[in-house]
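I am opening a notebook on this structure. I will write down what I looked up, entry by entry.

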Amino acid sequence: MSDAFAGGFGAVAAAAGAGFREQIDAFLARELTDELRAAADRNITMFVHPHSGLAWQRKLRAAGWLAPHWPRAYGGAEWSREQIFTFERLAGLAGAPLLPPFGLNYLGPALIAYGSERQKAELLPRILAGDDYWCQGYSEPAAGSDLAAVQCAARLDGEHYIVSGTKLWTTHAQHANRIFCLVRTSKEDRPHRGISLLLIDLDDPAVTVRPIITLDGEHEVNQIFFDDARVPRANLVGREGQGWEIALYILERERGGFIMGGRLRRKLYGLRQLLAASVGKDSTAGQRRHDYERALALLDIDLQAFEYSELRLLEAWAGGRPAGLEASVAKIDIADLVQRMDELAVQVLGPRAIAAAAPVAPHAVRTYLANRAVSIYGGSSEIQRTLVARSLLGA
Ligand SMILES: Cc1cc2nc3c(=O)[nH]c(=O)nc-3n(C[C@H](O)[C@H](O)[C@H](O)COP(=O)(O)OP(=O)(O)OC[C@H]3O[C@@H](n4cnc5c(N)ncnc54)[C@H](O)[C@@H]3O)c2cc1C
């Protein structure tokens with residue numbers, strides 16, 4: 001693998017501080033076992049299985065490097081943008097698993113910004129320790145792109161909310177013990193005004209989690225049914241009716257929170273190896289091989305542009321600025337890069353992709369199918385393009 005910081009990123013690694021890169025290299029050499037790396041490589045989606053995700057989380061926590069974007073006061077590492085970028089690049093290139101994002105990247109920062117002191121004191125340490133595994137309950141059968149149409153209802157009854165309704169496409173609900181959920185607490189003239197964010201225990205007998213098996217054969221998403229679940233009033237995050245604002249805060253972190261440059265670069269190296277190993281096969285003959293090499297070069301250039309976008313995003317967050325625009329751009333780019341790479345792998349393999357026997361890309365077709373969803377979840381690419389256009393053109 002060529003230098004990890006080629007392409008003008010050496011200055012970023014240097015700005016991370018003297019010896020920082022060496023510290024990370026030593027940590028990865030010591031802690032990133034072949035078993036963990038193999039588990040990460042086997043994972044065909046962006047959501048790592050909790051078994052390896054939590055194992056990696058525990059190692060980072062022991063080093064004091066978990067939640068680099070959280071303030072130290074709440075147990076985070078409070079790293080600079082250069083340190084976050086440098087770590088993610090090295091860990092991604094080395095094949096480290098991604099971390100479970102729901103608590104660390106989505107709910108945790110929202111609790112720090114909007115939660116009660118009691119919620120912060122109780123829940124943030126449990127997120128860091130991996131004691132709670134959260135999932136995200138936004139989408140419903142008739143509320144996906146149009147989240148303001150959420151119908152799942154929470155009616156106040158004394159010191160409890162009574163929750164009834166359903167949530168759809170809930171990633172990893174089968175592993176989770178808790179869900180942060182957008183619920184309708186009132187019917188207002190403008191629908192987004194009546195939405196609140198509620199924290200709900202999934203082991204409540206009034207909650208049912210039903211699996212959904214997707215086209216790739218995986219069980220990653222679920223539908224959840226709430227049948228008059230009683231949820232303590234203290235589990236409301238922020239104020240009643242503030243759910244929309246908090247949901248957008250979380251969505252920004254969901255769309256931009258995967259710092260993926262290093263991982264995508266590892267995937268690109270894998271594709272280069274795949275092409276090299278496939279020379280002479282029918283699917284890589286003549287003009288087709290030339291086209292694949294051109295596609296790889298374009299991916300390399302676009303990936304580098306994406307990595308600069310990641311730095312802009314991290315800079316906005318480090319400065320405490322909202323980064324909705326940068327996060328939408330990152331989300332569009334990740335989906336585009338991942339899907340182009342997966343498509344290329346299937347084309348290079350040709351019929352061998354179905355046989356799933358290729359040594360470099362053994363899960364090519366399943367990965368291709370699984371990652372069709374990257375341009376859908378967290379807000380589809382069509383919606384992100386509209387948000388970017390509105391933001392840039394003021395439309
Ligand atoms: C694998 C996977 C995991 C997911 N995980 C979660 C999760 O953990 N938690 C959760 O809450 N949700 C999750 N989702 C749901 C996801 O966020 C929604 O699927 C997504 O927001 C799109 O909503 P929808 O499916 O209702 O499609 P729709 O909103 O019906 O959209 C259908 C199509 O129409 C297009 N479209 C809709 N409105 C417009 C418009 N105004 N302009 C242009 N095009 C438009 C969309 O881009 C899309 O192509 C997941 C989805 C998938 C596939």
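Which backbone oxygen lies 2.8 Å from a polar atom of the side chain of Thr 166? I found that the oxygen belongs to Ile 224. I note here that the model is a predicted one.

**Entry: Thr 166**

I stayed with this residue. Thr 166 sits in strand E3, which covers residues 160–168. I then looked up its accessibility. The relative value is 17%, and buried means under 20%, so Thr 166 counts as buried. Its side chain also has a side-chain partner. That partner is Gln 223, in a polar contact at 2.8 Å.

**Entry: the ligand**

Next I asked which residues come nearest to the ligand. There are 17 residues around the ligand, and the nearest are Ser 139, Ser 145, Trp 169, Thr 171 and Ser 380.

I looked up polar atoms next. A polar side-chain atom of Ser 145 is 2.6 Å from an oxygen atom of the ligand. For Tyr 138 the atom is a polar backbone one, 2.8 Å from a ligand oxygen. For Trp 169 I found a backbone N or O atom 2.7 Å from a nitrogen atom of the ligand. I then checked how much of the ligand is covered. Taken alone, the ligand exposes 970 Å², and the protein buries 64% of that.

I sorted the shell by class. The shell has seven nonpolar residues, nine polar residues and one charged residue. I also asked where the shell comes from. Strand E1 (134–137) and helix H14 (381–393) each give at least two residues. By domain, at least three residues come from domain 2 (133–247) and at least three from domain 3 (260–393).

**Entry: aromatic rings**

How many aromatic pairs does the structure hold? I noted 15. Phe 27 belongs to helix H2 (residues 20–31) and Trp 56 to helix H4 (residues 50–63), so the pair ties together parts 29 residues apart in sequence.

Are these two residues buried or exposed? Phe 27 is buried, and Trp 56 is buried as well. I also found that Phe 27 and Trp 56 belong to a cluster linked by ring pairs, together with Phe 20, Trp 65, Trp 79 and Phe 87.

Methods:
Residues numbered from 1 in each chain as written. Predicted model: local features only at pLDDT ≥ 70, side-chain atom pairs only at ≥ 80, totals over all residues. Heavy atoms only, no water. Near = heavy atom within 4 Å. Polar contact = N/O pair within 3.5 Å; in protein donor to acceptor, adjacent residues only side chain to side chain. Areas by Shrake-Rupley, 256 points an atom, 1.4 Å probe, with all protein chains shown as cover. Helix = DSSP H or I, 4+ residues; strand = E, 2+ residues; numbered from the N terminus. Nonpolar A, V, L, I, M, F, W, Y, C, P; charged D, E, K, R; others polar. Domains from an automatic or database assignment. Phe/Tyr/Trp six-rings, centres within 6.5 Å; stacked < 30°, edge-to-face > 60°. Buried < 20%, exposed > 50% of the residue type's maximum accessible area, 1.4 Å probe, protein only.
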